[in-house]
Structure formats: C-alpha cells, structure tokens
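Have a look at it first, then read on.

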Amino acid sequence: MSDRLQARVEGARDEVTALCRDLVRIPSENPPGRAYRACVELVGERLRRRGFDVHYLRAEGALADSDRYPRWNVVARLESGRPGPTVHFNSHIDVVAPGHGWTRDPWGGEVDAGRIYGRGTCDMKGGLASSMVAVEALLDEGLLTQGAVEVSATADEESGGQAGVMWLAERGWFSPARVDHVVIPEPFNRELVCLGHRGVWWAELETKGHIAHGSMPFQGDCAIRHMAAVLDAFERELWPALAARRTAVPVIPEGARNATLNVAAIHGGMPEVIDGLPTPLVADRCRLTLDRRYLLEETKGVVAAEISTLLDRLRATRPGFDYDLRETMHVPPTTNHAEAATPQAFATAIGEVYGKPARFVASPGTYDQKHVHHVGGVTDCIAYGPGHLHLAHQPDEYVEIDDLVGAAQVMAVATTKLLHGR
Ligand SMILES: [Zn+2]
C-alpha cells in the first residue's frame, strides 16, 4: 500500500510544483495582509472539486482584520462516511515582506535546477502544496475509507495567528470534538518531526531619571546610565545563568536548547530622528524591549521574577534607580509527546520513504501549534514539512521540488496510518 501511494505522489511531481508556484504568485504579504482571499480560494476551490466541504471564514473583528485587508481563512473537510479519526493539515498563507537582496522575482515562482524560488516557497506554501497533493493521492488510491481529512489555509501566522488559527480554535474549528491529529507543514526539513516550541515572554523595561540641562548633567539623573547598569547586571549574572540552563526537549539548533534572552530594542533620551540640532538634555527615560525564550522546564513566573529580582536589587543598591517592567506578550512552551500517534505515524512514514530513522526536534520560536494546543485543546499536533528553516524569511528563498514530493509522500503514508490506526 505504501509503495503504491508513494508512486502516486511521485506521479504528481508536476502537480505539486505547479500548485506551489501558483500559490507563490499570489503576493499574500503580511503586513498588511493582502490577497488572502485569492489564496484561500485557490486552495478551497481545488479541494471543492475533490468533494470537500469548503468553508471560507473571515475573522471579522479580529486583530488587523479590516475591509481593506480582510483576514480570510479556509477550512475544507472530506468525510469518508464511516467513523474514524480526523487528520488535519494546517498551513498559513501569509508570508513576510521580500526585503532586499533578491536575484529572482520574489513573486515569480521561478523554477531553476530543481528548485522553486520565491517568497513563501519554503515558509510555507511549499508545505501547503505538499499536504494538498498528499491528500489527493490518498483519495486517488481509495484510502479514505474511514474517518475524515481536513485542510486549512489560515491568516496571520507570521504576526501571531490571532486572525487565523487562534480565531478558528476559539470557535471550535480546532477542538477534540472535530479534530484528532493536526499537522502543520512548516519547513522543518523532510526528515525531522517537530514536537513543539519554546515559550516566549516579551516585556518592556523602562528606567527612570530626571531631566536637566545637558551642560550640567550632575543636576539631573540619566536614565540611560541606569539602563547601562541593568545591561551590566544582565551580562554578569543573567546571561551566564541562562546559558547554563538546558532543556531535555530536543530543540534545534543546538544553541536554542538553552534559555535565551534577546535585547530587541533600546531607546532613551531625545528622538532618534530630529530636524536640526539636538538640544542639551539629560535623558529622563530609557526603554528596553526584552525577548525572552523559555524552556519547558521553566515557568513564566520564574522567568519574570528572575528579572525583577535583579532590578529590585539595583533599586536597593544604586542611588536614584527606579524602573517599570511590563509584560507585552506571553506564549507558554508547547510540546507533544514523541510517543503520541502523529509523531509515531510520521516517524514510521519517514522511515518507509527515506529509509532512515526520523529525528524528533522542537522549534526555538513559536508557530500556530500554540493555538491548536492551548486554545483548541488538540494536543496531538506536530510540525512536519518540506524546506529548510534557515531559508525562511531570507532573500532568494526556495524549496527543492524533490523535497515537496518526498514530504508529500511522507504525509500521505502517515495520514493513511493515522486514519486506519496502523
Ligand atoms: Zn511559517
């Protein structure tokens, strides 16, 4: 069965290539979130022709939804007519801005030497194309004899997924009553099964000073110097402590097995861009944007307390030091168990297609699995898809056609196992 199914997918090599190119040629760039409707219709109408029940869902009222840039999603479902599990493939349709440095047309879907170039080829329209062709191959082989399959194409993953998977999960589209197994074809590489991701805690830290004439700084209190003391404490204590903390979760790349902290932005004093000459002032405010990625073994409480304890100590020991610390975003770590049905089905399928054992990994950054798991309550979720993560968001982003085909073979074989329990 597996061999015939794999051959069927191999026979759809031109199909998956054409579909990926068609998707890439729709410039569904986020922000602002353009052309979503065209993208979901391409997916929905193709699946409708295969008998799917297709729902176009605009996330009205959700973050960033507007009449100018409506947040469209599509969920397509095909029932076998006999009871059994539902396997769901979810892909985001939004892509980030092309940026500079391209030698190809980012919206061209150009094919060259076995690769398709363009924004979103790897992250993740290639994965979407693979999942659709995988499901179609399964239907062509008559293997949907119990349970159901679903394909969704959703908005705004790159900006947090509030108008996409989160909105759908809040309305029951991702819930244990409807869906048993969820696969998100993000580009983790065709031989890796991604079980989840680290947590995120973003905060804004402000140090306070006192404004004065810049020629007499001793009459004021410089908030930037206070922030320098914070960064000094981070260097001496916090970063070494984080670097010593490792997770048992198989996060890749290796450096992301540790807890990490990125200082994403710093600003203090006068505006960065001014007309004319600056005026002499002592900075009375300085702000830092913190991007802390935390491990399954940590808790948000400890993550926040670790920073506020350090700041409180500065307040107690450094004259004039005062601060505000404000959480701006929080996503808990999310992980599936390697022994769960979906990771196991994909690991077996990878073995059958590629003839080598699969590796279980976890992601340094988050993706829509957080909403599937924490909002929808569907825990048997993985990311598995074609492409190389390091090409995501880069100029000259591409996906290899061999990868599209191989990943689709794995998806088709694994879905059959999940539907039939073997
Ligand atoms: Zn992505």
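## A helix and its surroundings

In helix α2, the buried residues are Val 16, Thr 17, Leu 19, Cys 20, Arg 21, Leu 23 and Val 24. Keep in mind that this is a predicted model.

What lies over those buried residues? The cover includes the elements in this table:

| Element | Residues |
|---|---|
| α3 | 36-49 |
| β4 | 111-112 |
| β5 | 115-117 |
| α4 | 121-140 |
| β16 | 398-400 |
| α10 | 401-420 |

As for its length, α2 runs over residues 13-24, and at 1.5 Å a residue its 12 residues should span 16 Å; the end C-alpha atoms sit 17 Å apart, so the two values agree.

Now zoom out. The protein has 10 helices and 16 strands in all, and 47% of its 422 residues count as buried. Among contacts with a separation of 6 or more, 80% are between residues 24 or more positions apart. Along the principal axes, the C-alpha atoms fill a box of roughly 80 × 45 × 40 Å.

Where they meet, 8 residues of domain 1 are in contact with 12 residues of domain 2. On the domain 1 side, strand β14 (residues 359-363) gives the largest share, 3 residues. By class, that side has 5 nonpolar, 2 polar and 1 charged residues.

Key:
Residues numbered from 1 in each chain as written. Predicted model: local features only at pLDDT ≥ 70, side-chain atom pairs only at ≥ 80, totals over all residues. Helix = DSSP H or I, 4+ residues; strand = E, 2+ residues; numbered from the N terminus. Buried ≥ 20, exposed ≤ 12 C-beta atoms within 10 Å, placed from the backbone. Contact = placed C-beta atoms within 7 Å. Expected span 1.5 Å × (residues − 1). Nonpolar A, V, L, I, M, F, W, Y, C, P; charged D, E, K, R; others polar.
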